Amino acid sequence: MSTLSERILGGSAGEYVDRKIDRAYAHDGTGVLALEAWKKMGGNRLAKETELYLQFDHIVPANNGTTATLQHELREFAKSSFMHFSDIGRGICHQLMSEGIALPNEIIVGADSHSVTLGAFGAFATGVGATDMAAIWLTGETWFRVPESVGIHLNGKFTGAAEAKDLALQYVGTLGTDGATYEALEFIGEGAGGLSIDERLVLSNLSVEAGAKAGLFYADEVTVQFLGNRGFTVLPQVPEPCNYTKELAIDLSNIEPLVAVPHRVDTVKPVRDLAGLPIDQVFVGTCTNGRYSDLARFAGRVKGKKVTVRTIVIPASAEVLSETIRTGVLSDIIEAGCTIGTPGCGPCIGYHMGVLGEGEICLSTANRNFRNRMGVGGEIYLASVATAAASALEGEITVPEVV
Amino acid sequence: MQHEMRGDPPGDFQRARPGSGHAVCVPADIDTDLVIAGRYLRTKDRSIWAAHVFEDLDPALAPRLKGAVIVAGKNFGCGSSREQAAIAIREAGAVAVIAPSFARIFFRNAINIGLPLIEADIICSDGSPVRFSLDDGWVESGGKRHAIRPLSPRMREILAAGGLVEYWRSHT
(Lines give C-alpha, C1' and ligand atoms only; values in the text may rest on other atoms or scores of the structure.)
Protein backbone atom coordinates (compact mmCIF):
# COMPACT_ATOMS: atom_id res chain seq x y z
CA MET A 1 0.00 0.00 0.00
CA SER A 2 2.13 2.82 -1.27
CA THR A 3 1.94 6.30 -2.65
CA LEU A 4 3.09 6.73 -6.24
CA SER A 5 6.34 8.33 -5.04
CA GLU A 6 7.01 5.37 -2.76
CA ARG A 7 6.31 2.95 -5.60
CA ILE A 8 8.56 4.70 -8.11
CA LEU A 9 11.37 5.36 -5.65
CA GLY A 10 11.05 1.87 -4.17
CA GLY A 11 11.05 2.81 -0.51
CA SER A 12 8.86 3.99 2.33
CA ALA A 13 8.27 7.62 3.22
CA GLY A 14 11.14 8.94 5.30
CA GLU A 15 13.63 6.37 4.01
CA TYR A 16 16.85 7.51 2.28
CA VAL A 17 17.56 5.74 -0.98
CA ASP A 18 20.18 5.93 -3.73
CA ARG A 19 18.59 5.61 -7.13
CA LYS A 20 19.66 5.41 -10.71
CA ILE A 21 18.27 8.36 -12.66
CA ASP A 22 16.48 7.53 -15.91
CA ARG A 23 16.73 11.02 -17.41
CA ALA A 24 18.63 14.08 -16.24
CA TYR A 25 18.47 17.49 -17.84
CA ALA A 26 19.98 20.92 -17.38
CA HIS A 27 19.70 24.25 -19.19
CA ASP A 28 21.98 27.09 -20.16
CA GLY A 29 21.55 28.66 -16.70
CA THR A 30 22.33 25.72 -14.44
CA GLY A 31 24.46 23.87 -17.01
CA VAL A 32 27.31 26.36 -16.71
CA LEU A 33 27.82 25.65 -12.99
CA ALA A 34 27.14 21.94 -13.47
CA LEU A 35 29.93 21.72 -16.04
CA GLU A 36 32.30 23.55 -13.71
CA ALA A 37 31.45 21.22 -10.81
CA TRP A 38 31.69 18.11 -13.02
CA LYS A 39 35.18 19.13 -14.14
CA LYS A 40 36.24 19.70 -10.53
CA MET A 41 34.90 16.25 -9.57
CA GLY A 42 37.38 14.73 -11.95
CA GLY A 43 35.09 15.07 -14.94
CA ASN A 44 36.52 12.25 -17.00
CA ARG A 45 33.31 10.37 -17.73
CA LEU A 46 29.55 10.71 -18.15
CA ALA A 47 27.08 8.15 -16.85
CA LYS A 48 26.07 5.94 -19.77
CA GLU A 49 22.96 4.42 -18.19
CA THR A 50 21.23 7.77 -17.76
CA GLU A 51 19.83 9.75 -20.66
CA LEU A 52 21.41 13.19 -20.32
CA TYR A 53 19.98 16.34 -21.86
CA LEU A 54 21.20 19.90 -22.18
CA GLN A 55 18.61 22.39 -23.38
CA PHE A 56 19.22 26.09 -23.96
CA ASP A 57 16.12 28.00 -22.89
CA HIS A 58 16.87 30.68 -20.31
CA ILE A 59 18.64 33.35 -22.37
CA VAL A 60 17.84 32.57 -25.96
CA PRO A 61 19.36 33.84 -28.12
CA ALA A 62 22.26 35.10 -26.00
CA ASN A 63 21.80 38.76 -25.10
CA ASN A 64 25.45 39.82 -24.93
CA GLY A 65 29.02 38.63 -25.30
CA THR A 66 29.34 37.34 -21.75
CA THR A 67 26.30 35.13 -22.08
CA ALA A 68 27.33 34.01 -25.56
CA THR A 69 30.75 32.97 -24.27
CA LEU A 70 29.26 30.97 -21.38
CA GLN A 71 26.83 29.31 -23.79
CA HIS A 72 29.60 28.60 -26.28
CA GLU A 73 31.63 26.65 -23.74
CA LEU A 74 28.58 24.62 -22.69
CA ARG A 75 27.49 24.03 -26.29
CA GLU A 76 30.93 22.77 -27.29
CA PHE A 77 30.94 20.43 -24.30
CA ALA A 78 27.48 19.09 -25.13
CA LYS A 79 28.35 18.54 -28.78
CA SER A 80 31.56 16.70 -27.86
CA SER A 81 29.61 14.35 -25.57
CA PHE A 82 26.73 11.96 -26.13
CA MET A 83 24.30 14.27 -24.33
CA HIS A 84 21.09 15.12 -26.14
CA PHE A 85 21.54 18.78 -26.98
CA SER A 86 18.83 21.29 -27.85
CA ASP A 87 20.10 24.67 -28.93
CA ILE A 88 18.41 28.06 -28.64
CA GLY A 89 14.81 28.25 -29.76
CA ARG A 90 13.99 24.55 -29.54
CA GLY A 91 12.08 25.18 -26.35
CA ILE A 92 11.87 25.20 -22.58
CA CYS A 93 13.56 22.16 -21.06
CA HIS A 94 10.43 20.95 -19.23
CA GLN A 95 8.32 21.38 -22.35
CA LEU A 96 10.80 19.45 -24.50
CA MET A 97 10.82 16.63 -21.93
CA SER A 98 7.01 16.58 -22.11
CA GLU A 99 6.90 16.21 -25.90
CA GLY A 100 7.31 12.44 -25.96
CA ILE A 101 10.35 11.91 -23.73
CA ALA A 102 9.20 11.62 -20.10
CA LEU A 103 7.38 8.37 -19.37
CA PRO A 104 5.43 6.93 -16.42
CA ASN A 105 7.42 5.28 -13.60
CA GLU A 106 10.66 6.99 -14.56
CA ILE A 107 12.88 8.89 -12.13
CA ILE A 108 13.64 12.20 -13.80
CA VAL A 109 15.82 14.94 -12.38
CA GLY A 110 16.25 18.39 -13.84
CA ALA A 111 18.60 21.15 -12.77
CA ASP A 112 15.66 23.52 -12.47
CA SER A 113 13.00 23.80 -9.80
CA HIS A 114 10.14 23.39 -12.25
CA SER A 115 11.27 19.89 -13.21
CA VAL A 116 8.30 18.81 -11.09
CA THR A 117 6.24 19.54 -14.23
CA LEU A 118 6.87 16.02 -15.54
CA GLY A 119 5.01 14.44 -12.64
CA ALA A 120 2.02 14.93 -14.95
CA PHE A 121 3.06 11.69 -16.67
CA GLY A 122 3.26 9.57 -13.54
CA ALA A 123 7.03 9.98 -13.35
CA PHE A 124 8.87 10.95 -10.18
CA ALA A 125 10.33 14.22 -11.40
CA THR A 126 12.13 16.72 -9.23
CA GLY A 127 14.57 19.60 -9.35
CA VAL A 128 18.13 19.81 -8.08
CA GLY A 129 20.94 22.34 -8.22
CA ALA A 130 23.99 22.37 -10.44
CA THR A 131 26.37 20.34 -8.26
CA ASP A 132 23.83 17.56 -7.75
CA MET A 133 23.41 17.52 -11.54
CA ALA A 134 27.19 17.28 -12.00
CA ALA A 135 27.28 14.24 -9.73
CA ILE A 136 24.46 12.67 -11.78
CA TRP A 137 26.44 13.31 -14.98
CA LEU A 138 29.34 11.50 -13.32
CA THR A 139 27.52 8.60 -11.64
CA GLY A 140 24.00 8.39 -13.04
CA GLU A 141 22.66 8.30 -9.50
CA THR A 142 21.58 10.49 -6.64
CA TRP A 143 20.11 10.14 -3.18
CA PHE A 144 16.51 10.86 -2.22
CA ARG A 145 14.55 11.00 0.96
CA VAL A 146 11.36 9.22 -0.07
CA PRO A 147 8.75 11.92 0.53
CA GLU A 148 5.53 11.77 2.45
CA SER A 149 2.64 12.73 0.20
CA VAL A 150 -0.22 15.20 0.28
CA GLY A 151 -3.36 13.93 -1.45
CA ILE A 152 -5.23 16.48 -3.53
CA HIS A 153 -8.64 15.06 -4.41
CA LEU A 154 -10.14 16.71 -7.45
CA ASN A 155 -13.82 16.46 -8.25
CA GLY A 156 -16.08 17.90 -10.87
CA LYS A 157 -15.32 19.98 -13.94
CA PHE A 158 -14.34 23.56 -14.59
CA THR A 159 -17.18 25.97 -15.19
CA GLY A 160 -17.23 29.47 -16.64
CA ALA A 161 -13.82 30.84 -17.62
CA ALA A 162 -11.86 28.95 -14.96
CA GLU A 163 -8.94 26.83 -16.10
CA ALA A 164 -6.11 24.68 -14.76
CA LYS A 165 -4.01 27.71 -13.79
CA ASP A 166 -6.76 28.98 -11.52
CA LEU A 167 -6.94 25.57 -9.85
CA ALA A 168 -3.16 25.59 -9.44
CA LEU A 169 -3.22 29.03 -7.82
CA GLN A 170 -6.08 27.86 -5.63
CA TYR A 171 -4.14 24.91 -4.18
CA VAL A 172 -0.91 26.89 -3.77
CA GLY A 173 -2.92 29.58 -1.97
CA THR A 174 -4.47 26.96 0.29
CA LEU A 175 -1.26 25.08 1.08
CA GLY A 176 1.02 28.14 1.23
CA THR A 177 4.53 28.43 -0.20
CA ASP A 178 5.87 25.86 2.25
CA GLY A 179 2.70 23.83 2.71
CA ALA A 180 4.28 20.74 1.16
CA THR A 181 7.99 21.25 1.84
CA TYR A 182 9.91 17.94 1.66
CA GLU A 183 6.64 16.27 0.54
CA ALA A 184 5.10 15.21 -2.77
CA LEU A 185 1.66 16.15 -4.05
CA GLU A 186 -0.57 13.50 -5.60
CA PHE A 187 -3.49 14.70 -7.73
CA ILE A 188 -6.20 12.08 -7.55
CA GLY A 189 -9.93 11.56 -8.03
CA GLU A 190 -12.27 11.68 -10.99
CA GLY A 191 -11.57 15.39 -11.44
CA ALA A 192 -7.90 14.55 -12.05
CA GLY A 193 -8.84 11.88 -14.57
CA GLY A 194 -10.86 14.42 -16.52
CA LEU A 195 -7.90 16.74 -17.06
CA SER A 196 -5.88 16.79 -20.27
CA ILE A 197 -2.11 16.31 -20.20
CA ASP A 198 -1.66 20.05 -20.79
CA GLU A 199 -3.83 20.80 -17.76
CA ARG A 200 -1.98 18.25 -15.64
CA LEU A 201 1.34 19.83 -16.63
CA VAL A 202 0.09 23.15 -15.24
CA LEU A 203 -0.88 21.59 -11.91
CA SER A 204 2.36 19.63 -11.57
CA ASN A 205 4.37 22.70 -12.60
CA LEU A 206 3.07 24.81 -9.70
CA SER A 207 3.67 22.10 -7.09
CA VAL A 208 7.12 23.49 -6.28
CA GLU A 209 5.45 26.81 -5.43
CA ALA A 210 3.95 24.97 -2.45
CA GLY A 211 7.44 23.70 -1.64
CA ALA A 212 6.73 20.20 -2.95
CA LYS A 213 9.46 17.83 -4.10
CA ALA A 214 7.18 16.43 -6.79
CA GLY A 215 3.61 16.74 -8.04
CA LEU A 216 2.29 13.53 -9.52
CA PHE A 217 -0.68 12.28 -11.50
CA TYR A 218 -1.26 8.56 -11.95
CA ALA A 219 -0.85 7.58 -15.58
CA ASP A 220 -4.32 6.72 -16.91
CA GLU A 221 -6.08 6.39 -20.23
CA VAL A 222 -5.42 10.06 -21.00
CA THR A 223 -1.70 9.46 -20.47
CA VAL A 224 -1.75 6.22 -22.43
CA GLN A 225 -3.42 7.95 -25.36
CA PHE A 226 -1.16 11.04 -25.28
CA LEU A 227 1.98 8.92 -25.29
CA GLY A 228 0.45 6.47 -27.76
CA ASN A 229 0.09 9.37 -30.21
CA ARG A 230 3.81 9.91 -29.81
CA GLY A 231 4.68 6.29 -30.42
CA PHE A 232 4.95 4.94 -26.89
CA THR A 233 3.06 2.01 -25.43
CA VAL A 234 2.64 2.52 -21.70
CA LEU A 235 0.43 1.05 -19.02
CA PRO A 236 -1.79 2.97 -16.63
CA GLN A 237 -0.77 3.17 -12.97
CA VAL A 238 -3.48 1.96 -10.64
CA PRO A 239 -3.72 3.86 -7.33
CA GLU A 240 -3.58 1.81 -4.13
CA PRO A 241 -4.95 2.83 -0.75
CA CYS A 242 -2.13 4.77 0.91
CA ASN A 243 -1.40 7.21 3.68
CA TYR A 244 -1.32 10.93 3.04
CA THR A 245 0.04 13.36 5.62
CA LYS A 246 -2.56 15.86 4.55
CA GLU A 247 -5.56 15.77 2.25
CA LEU A 248 -7.23 18.50 0.34
CA ALA A 249 -10.47 18.24 -1.62
CA ILE A 250 -11.19 20.68 -4.40
CA ASP A 251 -14.35 20.81 -6.49
CA LEU A 252 -13.34 22.14 -9.89
CA SER A 253 -16.79 23.63 -10.43
CA ASN A 254 -16.12 26.00 -7.52
CA ILE A 255 -12.95 27.43 -9.05
CA GLU A 256 -13.13 30.96 -10.38
CA PRO A 257 -10.48 33.02 -12.18
CA LEU A 258 -7.74 33.90 -9.70
CA VAL A 259 -4.67 36.10 -9.49
CA ALA A 260 -1.55 35.73 -7.34
CA VAL A 261 -0.61 39.24 -6.31
CA PRO A 262 2.94 40.53 -5.65
CA HIS A 263 5.20 39.17 -4.31
CA ARG A 264 4.01 35.73 -3.31
CA VAL A 265 2.47 32.91 -5.28
CA ASP A 266 0.31 31.96 -2.31
CA THR A 267 -1.31 35.39 -2.00
CA VAL A 268 -4.25 34.56 -4.19
CA LYS A 269 -7.34 36.67 -4.86
CA PRO A 270 -10.30 36.43 -7.22
CA VAL A 271 -9.73 38.38 -10.43
CA ARG A 272 -12.97 40.28 -9.74
CA ASP A 273 -11.38 41.81 -6.62
CA LEU A 274 -8.61 43.32 -8.75
CA ALA A 275 -10.63 44.21 -11.82
CA GLY A 276 -9.69 47.63 -13.16
CA LEU A 277 -6.08 47.60 -11.99
CA PRO A 278 -4.09 49.18 -14.86
CA ILE A 279 -1.28 47.06 -16.30
CA ASP A 280 1.70 47.85 -18.53
CA GLN A 281 2.49 44.45 -20.00
CA VAL A 282 0.92 41.05 -20.54
CA PHE A 283 3.12 37.99 -20.90
CA VAL A 284 1.75 34.69 -22.14
CA GLY A 285 4.11 31.74 -22.15
CA THR A 286 6.54 29.77 -19.92
CA CYS A 287 6.66 26.19 -18.69
CA THR A 288 3.33 26.90 -17.00
CA ASN A 289 1.17 28.24 -19.84
CA GLY A 290 3.09 28.38 -23.12
CA ARG A 291 1.69 25.24 -24.76
CA TYR A 292 -0.26 25.04 -27.98
CA SER A 293 -3.60 24.73 -26.21
CA ASP A 294 -2.77 27.87 -24.20
CA LEU A 295 -1.85 29.90 -27.26
CA ALA A 296 -4.90 28.64 -29.15
CA ARG A 297 -7.16 29.62 -26.25
CA PHE A 298 -5.50 33.02 -26.05
CA ALA A 299 -5.90 33.53 -29.80
CA GLY A 300 -9.54 32.52 -29.60
CA ARG A 301 -10.16 35.39 -27.19
CA VAL A 302 -8.17 38.11 -28.98
CA LYS A 303 -8.92 37.18 -32.60
CA GLY A 304 -10.36 40.09 -34.52
CA LYS A 305 -9.73 42.49 -31.62
CA LYS A 306 -6.76 44.60 -30.54
CA VAL A 307 -4.77 44.45 -27.36
CA THR A 308 -4.33 47.81 -25.65
CA VAL A 309 -1.10 47.13 -23.75
CA ARG A 310 2.15 45.60 -24.95
CA THR A 311 1.65 41.85 -25.03
CA ILE A 312 4.45 39.32 -25.39
CA VAL A 313 3.51 35.78 -26.39
CA ILE A 314 6.22 33.14 -26.29
CA PRO A 315 5.60 29.56 -27.41
CA ALA A 316 7.09 27.03 -24.99
CA SER A 317 8.80 25.15 -27.81
CA ALA A 318 9.50 25.10 -31.53
CA GLU A 319 6.89 22.37 -31.85
CA VAL A 320 4.31 24.67 -30.26
CA LEU A 321 5.38 27.53 -32.54
CA SER A 322 5.09 25.32 -35.65
CA GLU A 323 1.63 24.24 -34.64
CA THR A 324 0.48 27.84 -34.14
CA ILE A 325 1.78 28.65 -37.63
CA ARG A 326 0.11 25.61 -39.17
CA THR A 327 -3.30 26.34 -37.65
CA GLY A 328 -3.27 30.11 -38.06
CA VAL A 329 -3.23 30.77 -34.31
CA LEU A 330 -0.01 32.73 -34.70
CA SER A 331 -1.57 35.09 -37.27
CA ASP A 332 -4.52 35.72 -34.99
CA ILE A 333 -2.14 36.63 -32.18
CA ILE A 334 0.00 38.92 -34.34
CA GLU A 335 -3.01 40.60 -35.94
CA ALA A 336 -4.40 41.34 -32.48
CA GLY A 337 -1.31 43.46 -31.88
CA CYS A 338 0.80 41.05 -29.82
CA THR A 339 4.45 40.33 -30.40
CA ILE A 340 6.15 36.96 -30.15
CA GLY A 341 9.51 35.80 -28.85
CA THR A 342 11.93 32.94 -29.40
CA PRO A 343 10.66 29.70 -27.82
CA GLY A 344 12.13 29.63 -24.32
CA CYS A 345 11.59 31.09 -20.87
CA GLY A 346 11.24 34.66 -22.10
CA PRO A 347 11.06 37.42 -19.47
CA CYS A 348 9.89 35.11 -16.67
CA ILE A 349 13.29 35.13 -14.97
CA GLY A 350 14.15 38.70 -15.87
CA TYR A 351 17.51 37.81 -17.38
CA HIS A 352 17.26 39.57 -20.66
CA MET A 353 14.30 40.56 -22.83
CA GLY A 354 10.80 41.71 -21.98
CA VAL A 355 11.70 42.92 -18.51
CA LEU A 356 9.75 45.58 -16.63
CA GLY A 357 10.65 49.17 -15.90
CA GLU A 358 10.44 50.59 -12.41
CA GLY A 359 6.84 50.87 -11.28
CA GLU A 360 5.50 48.83 -14.18
CA ILE A 361 2.98 46.07 -13.71
CA CYS A 362 2.88 42.83 -15.68
CA LEU A 363 0.10 40.30 -15.81
CA SER A 364 1.84 37.02 -16.52
CA THR A 365 0.85 33.42 -17.08
CA ALA A 366 4.12 32.28 -15.44
CA ASN A 367 4.57 30.70 -12.04
CA ARG A 368 6.58 33.20 -9.97
CA ASN A 369 5.90 36.78 -8.93
CA PHE A 370 8.85 37.29 -6.59
CA ARG A 371 10.04 40.83 -5.91
CA ASN A 372 12.08 42.28 -8.81
CA ARG A 373 12.05 38.96 -10.68
CA MET A 374 11.08 40.51 -14.02
CA GLY A 375 12.99 43.74 -13.42
CA VAL A 376 13.83 45.98 -10.50
CA GLY A 377 10.75 47.81 -9.25
CA GLY A 378 8.34 45.93 -11.50
CA GLU A 379 5.36 44.04 -10.14
CA ILE A 380 4.04 40.70 -11.36
CA TYR A 381 0.50 39.39 -11.13
CA LEU A 382 0.06 35.72 -12.04
CA ALA A 383 -3.08 34.55 -13.78
CA SER A 384 -4.57 32.20 -16.36
CA VAL A 385 -4.44 32.50 -20.13
CA ALA A 386 -8.09 33.58 -20.22
CA THR A 387 -7.47 36.34 -17.69
CA ALA A 388 -4.35 37.39 -19.61
CA ALA A 389 -6.33 37.67 -22.85
CA ALA A 390 -9.16 39.68 -21.30
CA SER A 391 -6.70 41.95 -19.51
CA ALA A 392 -4.56 42.49 -22.62
CA LEU A 393 -7.63 43.71 -24.51
CA GLU A 394 -8.72 46.10 -21.76
CA GLY A 395 -5.30 47.26 -20.52
CA GLU A 396 -6.32 46.49 -16.97
CA ILE A 397 -6.93 43.38 -14.93
CA THR A 398 -10.20 42.04 -16.29
CA VAL A 399 -12.45 39.13 -15.45
CA PRO A 400 -12.51 36.86 -18.51
CA GLU A 401 -15.86 36.39 -20.17
CA VAL A 402 -17.41 32.96 -20.29
CA VAL A 403 -17.07 31.70 -23.86
CA MET B 1 41.31 25.59 0.73
CA GLN B 2 38.58 22.99 0.58
CA HIS B 3 40.73 20.78 -1.61
CA GLU B 4 43.32 20.46 1.16
CA MET B 5 40.69 18.62 3.13
CA ARG B 6 40.30 16.00 0.44
CA GLY B 7 40.97 12.52 1.77
CA ASP B 8 40.32 13.49 5.38
CA PRO B 9 38.17 10.88 7.05
CA PRO B 10 34.54 11.93 7.43
CA GLY B 11 33.85 13.65 10.72
CA ASP B 12 37.34 15.06 11.00
CA PHE B 13 36.57 18.15 9.00
CA GLN B 14 36.63 21.54 10.66
CA ARG B 15 33.02 22.32 9.75
CA ALA B 16 31.89 19.52 12.04
CA ARG B 17 33.51 21.26 15.02
CA PRO B 18 31.58 23.96 16.90
CA GLY B 19 31.08 27.11 14.92
CA SER B 20 30.08 30.61 15.88
CA GLY B 21 29.27 34.00 14.49
CA HIS B 22 27.17 37.09 14.94
CA ALA B 23 23.49 36.74 14.12
CA VAL B 24 22.12 38.41 11.02
CA CYS B 25 18.33 38.17 10.99
CA VAL B 26 16.28 37.68 7.83
CA PRO B 27 12.51 37.11 7.51
CA ALA B 28 10.57 33.98 6.58
CA ASP B 29 10.01 32.68 3.03
CA ILE B 30 13.11 34.30 1.53
CA ASP B 31 13.24 33.10 -2.08
CA THR B 32 16.46 32.57 -3.98
CA ASP B 33 15.64 35.49 -6.29
CA LEU B 34 15.99 37.68 -3.18
CA VAL B 35 19.24 35.97 -2.20
CA ILE B 36 20.78 36.63 -5.60
CA ALA B 37 18.80 38.27 -8.38
CA GLY B 38 18.62 36.74 -11.85
CA ARG B 39 20.34 39.79 -13.34
CA TYR B 40 23.62 38.77 -11.63
CA LEU B 41 23.66 35.13 -12.70
CA ARG B 42 25.27 35.48 -16.11
CA THR B 43 28.83 35.03 -14.89
CA LYS B 44 31.08 32.54 -13.18
CA ASP B 45 32.63 35.31 -11.07
CA ARG B 46 31.65 34.41 -7.51
CA SER B 47 32.70 37.79 -6.13
CA ILE B 48 29.81 39.36 -8.07
CA TRP B 49 27.33 37.06 -6.31
CA ALA B 50 28.90 37.81 -2.92
CA ALA B 51 28.75 41.56 -3.58
CA HIS B 52 25.05 41.49 -4.50
CA VAL B 53 23.77 38.89 -2.05
CA PHE B 54 20.39 39.88 -0.53
CA GLU B 55 20.53 43.15 -2.49
CA ASP B 56 16.80 43.20 -3.26
CA LEU B 57 15.96 42.36 0.36
CA ASP B 58 18.29 44.86 2.02
CA PRO B 59 21.41 46.24 0.34
CA ALA B 60 22.99 46.80 3.79
CA LEU B 61 23.11 43.06 4.52
CA ALA B 62 26.00 41.95 2.30
CA PRO B 63 28.77 43.81 4.16
CA ARG B 64 27.55 42.32 7.47
CA LEU B 65 27.82 38.70 6.41
CA LYS B 66 31.51 38.12 7.06
CA GLY B 67 31.65 35.68 9.97
CA ALA B 68 27.86 35.82 10.34
CA VAL B 69 25.35 33.15 11.21
CA ILE B 70 22.22 33.97 9.23
CA VAL B 71 19.14 33.34 11.34
CA ALA B 72 16.15 33.12 9.06
CA GLY B 73 12.45 32.46 9.30
CA LYS B 74 10.83 29.34 7.88
CA ASN B 75 11.15 28.10 4.30
CA PHE B 76 14.45 29.82 3.61
CA GLY B 77 15.66 29.48 0.01
CA CYS B 78 12.36 28.74 -1.68
CA GLY B 79 11.87 29.13 -5.43
CA SER B 80 14.53 28.79 -8.08
CA SER B 81 17.15 26.02 -8.01
CA ARG B 82 19.96 28.53 -8.57
CA GLU B 83 22.96 27.25 -6.65
CA GLN B 84 24.43 30.75 -6.85
CA ALA B 85 22.20 31.60 -3.86
CA ALA B 86 24.07 29.23 -1.56
CA ILE B 87 27.41 30.16 -3.11
CA ALA B 88 26.73 33.88 -2.66
CA ILE B 89 26.01 33.41 1.04
CA ARG B 90 29.16 31.37 1.56
CA GLU B 91 31.34 33.67 -0.54
CA ALA B 92 30.09 36.69 1.42
CA GLY B 93 31.58 35.04 4.49
CA ALA B 94 28.58 33.63 6.36
CA VAL B 95 29.47 30.49 8.32
CA ALA B 96 26.03 28.91 8.54
CA VAL B 97 22.30 29.49 8.06
CA ILE B 98 19.78 28.63 10.77
CA ALA B 99 16.07 28.36 9.98
CA PRO B 100 13.06 26.35 11.18
CA SER B 101 12.84 24.89 7.65
CA PHE B 102 14.54 25.21 4.29
CA ALA B 103 13.25 24.73 0.78
CA ARG B 104 14.57 21.36 -0.31
CA ILE B 105 16.65 22.29 -3.37
CA PHE B 106 18.39 25.06 -1.43
CA PHE B 107 18.98 22.55 1.36
CA ARG B 108 20.77 20.16 -0.97
CA ASN B 109 22.63 22.96 -2.74
CA ALA B 110 24.00 24.46 0.46
CA ILE B 111 25.27 21.14 1.79
CA ASN B 112 26.67 20.34 -1.66
CA ILE B 113 28.81 23.47 -1.64
CA GLY B 114 29.85 23.04 1.99
CA LEU B 115 27.62 25.66 3.63
CA PRO B 116 26.25 24.27 6.92
CA LEU B 117 22.49 24.56 7.37
CA ILE B 118 20.90 24.14 10.75
CA GLU B 119 17.23 23.32 11.14
CA ALA B 120 16.22 24.97 14.41
CA ASP B 121 13.61 27.45 15.51
CA ILE B 122 15.39 30.19 17.46
CA ILE B 123 14.63 33.81 18.18
CA CYS B 124 17.02 36.08 16.30
CA SER B 125 18.66 39.01 18.01
CA ASP B 126 20.57 40.94 15.37
CA GLY B 127 24.30 41.07 16.04
CA SER B 128 24.26 38.82 19.09
CA PRO B 129 26.59 35.80 19.23
CA VAL B 130 25.37 32.41 18.04
CA ARG B 131 27.27 29.17 18.61
CA PHE B 132 26.50 25.78 17.17
CA SER B 133 27.75 22.24 16.96
CA LEU B 134 26.54 20.09 14.10
CA ASP B 135 28.18 17.00 15.59
CA ASP B 136 26.56 17.37 18.98
CA GLY B 137 23.31 18.74 17.59
CA TRP B 138 22.84 22.08 19.33
CA VAL B 139 22.71 25.79 18.71
CA GLU B 140 23.19 28.44 21.43
CA SER B 141 21.73 31.90 21.26
CA GLY B 142 20.68 34.41 23.92
CA GLY B 143 21.95 32.12 26.66
CA LYS B 144 19.70 29.27 25.55
CA ARG B 145 20.69 25.98 24.00
CA HIS B 146 18.34 24.54 21.37
CA ALA B 147 18.34 21.07 19.83
CA ILE B 148 18.73 20.94 16.07
CA ARG B 149 17.22 18.51 13.62
CA PRO B 150 20.09 16.26 12.57
CA LEU B 151 21.27 16.09 8.97
CA SER B 152 20.92 12.76 7.18
CA PRO B 153 24.04 10.54 7.32
CA ARG B 154 24.72 11.23 3.62
CA MET B 155 24.45 14.99 4.07
CA ARG B 156 26.83 14.78 7.02
CA GLU B 157 29.31 12.87 4.86
CA ILE B 158 29.03 15.43 2.07
CA LEU B 159 29.44 18.34 4.47
CA ALA B 160 32.34 16.61 6.21
CA ALA B 161 34.07 16.23 2.85
CA GLY B 162 33.66 19.97 2.27
CA GLY B 163 30.96 19.58 -0.37
CA LEU B 164 29.76 17.23 -3.09
CA VAL B 165 32.65 18.02 -5.46
CA GLU B 166 35.16 16.98 -2.78
CA TYR B 167 32.97 14.03 -1.80
CA TRP B 168 33.06 12.61 -5.31
CA ARG B 169 36.73 13.46 -5.81
CA SER B 170 37.46 11.17 -2.87
CA HIS B 171 34.93 8.49 -3.92
CA THR B 172 35.93 7.97 -7.56
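This is a predicted model: local features need pLDDT of at least 70, side-chain atom pairs count only at pLDDT 80 or more; totals for chains, interfaces and linings use all residues.
1. Residues are numbered from 1 along each chain as its sequence is written, and chains are lettered from A and ligands numbered from 1 in the order in which they are written.

2. Between these domains of chain A, 33 residues of domain 1 are in contact with 31 residues of domain 2, two residues being in contact if their C-beta atoms, placed from the backbone, lie within 7 Å. On the domain 1 side, α4 (93–98), α6 (164–175) and α8 (197–205) of chain A are the elements that give two or more residues, and the largest share, 6 residues, comes from α6(A). Helices (H or I, at least four residues) and strands (E, at least two) are DSSP runs, numbered from the N terminus. By class, this side of domain 1 has 11 nonpolar, 13 polar and 9 charged residues, where Ala, Val, Leu, Ile, Met, Phe, Trp, Tyr, Cys and Pro count as nonpolar, Asp, Glu, Lys and Arg as charged, and the others, Gly among them, as polar.

3. The contact between the chains takes 41 residues from chain A and 34 residues from chain B. On the chain A side, at least two residues each are supplied by α2 (28–40), α3 (65–80), α5 (130–139) and β7 (141–145), and α2(A) gives the most, with 7 residues. That side of chain A divides into 17 nonpolar, 14 polar and 10 charged residues.

4. Chain A holds an open sheet of 5 strands in the order β4-β3-β2-β5-β6, with parallel pairing; two strands pair if DSSP finds at least two bridges between them. Because β4 (84–86) and β6 (124–127) of chain A stand at the edges, each with a single partner strand, one side of each is left without a neighbour in the sheet. The twist averages 15° from one strand to the next. Strand β5 (residues 107–110) of chain A pairs with β6(A) over 4 bridges in the parallel sense, and G110(A) stands opposite G127(A) in β6(A).

5. Helix α2(A) lies across β2 (23–27) and β3 (51–55) of chain A and runs at about 105° to β2(A); axes are lines fitted to C-alpha atoms, for helices over the stretch in contact, and angles run from 0 to 180 degrees between N-to-C directions.

6. In chain B, the axes of α5 (residues 153–161) and α6 (residues 164–171) come within 7 Å and cross at roughly 90°. The helices α5(B) and α6(B) are therefore roughly perpendicular, a term that covers angles of 65 to 115 degrees. Their contact is made by E157(B), I158(B) and A161(B) of α5(B) and by L164(B), E166(B), Y167(B) and S170(B) of α6(B).

7. Within α6(B), L164(B), V165(B), E166(B), Y167(B) and W168(B) are buried, a residue being buried if 20 or more other C-beta atoms, placed from the backbone, lie within 10 Å of its own. The cover over the buried residues of α6(B) includes α2 and α5 of chain A together with α4 (104–112) and α5 of chain B. Of the 172 residues of chain B, 52% count as buried.

How values were computed
Angles under 35 degrees count as roughly parallel, over 145 as roughly antiparallel, 65 to 115 as roughly perpendicular and the rest as oblique. A residue is buried if 20 or more other C-beta atoms lie within 10 Å of its own, exposed if 12 or fewer, and partly exposed in between; C-beta atoms are placed from the backbone.
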